[in-house]
Amino acid sequence: MQKHIRPQIFVTNDDGYNAHGIKVLLEELKKIGDVLCIAPTHGQSGMSHAITFSNPLKMEKIQEEPGFSLYRLNGTPVDCVKMGLDKFYREQTPDIIVSGVNHGSNASICAIYSGTVAAARDGAINKIPSIAFSSLDISSSANYNSWKPYINSICSQVLKKGIPSGVFLNVNFPI
């Protein structure tokens, strides 16, 4: 099998494919790798590791261009991870899974309930380096531009140096 030249980055969130935070994340990650994004059709905050088993999952392609694909899925963040790994990464796993940027804190006890964190945790369970990004600012129009260099730096360092198998990062940006 041919090895990809650019890192393969798999992105999801729990706020939905059209959320402001994921748009900022995608903009930054497209600079450092080829990006596949599968995110929930609607917000799925607080779903933790929930999976859908009583309704059929439907995935729809929203956008595709060289090095970037965006899909929405009528499921939870963990459904998005499982669907992506099953449908797009059977032969070779992504180099990294990145979830977020979540609108709201995922520190302390919130990390247990967060769909954003659960998606990264599911990546770690599958032995894929994973990162969850969240913001303490819950506004749908929050200005995340000052965090772009940190997103780029953290993701680039994980891609370059790795993290221990089974470990994921949970990064919370202040207001």
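Predicted model: local features only at pLDDT ≥ 70, side-chain atom pairs only at ≥ 80, totals over all residues.

With which residue does Lys 82 form a salt bridge? The partner is Asp 122, and the closest N and O atoms of the two side chains are 3.4 Å apart, where a salt bridge is understood as a side-chain nitrogen of Lys or Arg within 4 Å of a carboxyl oxygen of Asp or Glu. This pair links distant parts of the chain, since Lys 82 belongs to helix α2 (residues 77-87) and Asp 122 to helix α4 (residues 115-125), 40 residues apart. Lys 82 is partly exposed, with a relative accessible area of 39%, whereas Asp 122 is buried at 4%; buried means under 20% relative accessible area, exposed over 50%, and partly exposed in between, with a 1.4 Å probe and protein chains only.

Residues are numbered from 1 along each chain as its sequence is written, and side-chain values use heavy atoms, with hydrogens and water left out.

The structure holds eight salt bridges. One of them joins Arg 6 to Asp 34, with the closest N and O atoms 3.0 Å apart, and this pair too links distant parts of the chain: Arg 6 lies in the segment before β1 (8-12), and Asp 34 in strand β2 (residues 34-40), 28 residues apart. Arg 6 is partly exposed, its relative accessible area being 32%. Another salt bridge is formed by Lys 87 and Asp 86, whose closest N and O atoms are 3.6 Å apart; Asp 86, at 34% relative accessibility, is partly exposed. Asp 86, Lys 87 and Arg 90 are linked in a network of salt bridges.

Turning to the fold, the secondary structure of the protein comes to five helices and seven strands, which follow the pattern β-α-β-β-β-α-β-α-α-β-α-β along the sequence; helices (H or I, at least four residues) and strands (E, at least two) are DSSP runs, numbered from the N terminus. The radius of gyration of the protein is 14 Å, close to the 16 Å that the globule rule gives for 175 residues, so the protein is as compact as a globular protein of that length; the radius is taken over C-alpha atoms, and the rule is 2.2 Å times the number of residues to the power 0.38. Buried residues make up 47% of the 175 residues. Among contacts between residues at least 6 apart in sequence, 77% join residues at least 24 apart, a contact meaning heavy atoms within 4.5 Å.

Some details of the backbone also deserve attention. Most residues other than glycine have a negative phi, and most peptide bonds are trans. A cis peptide bond, however, joins Gly 100 and Val 101, with omega about -15°, and Val 101 is found in strand β5 (residues 96-103). Ser 48, a residue other than glycine, has a positive phi near 45°, and its place is in the loop between β2 and β3 (59-65). Lys 127 likewise has a positive phi, near 65°; this residue lies in the loop between α4 and β6 (130-135) and is exposed, at 62% relative accessibility.
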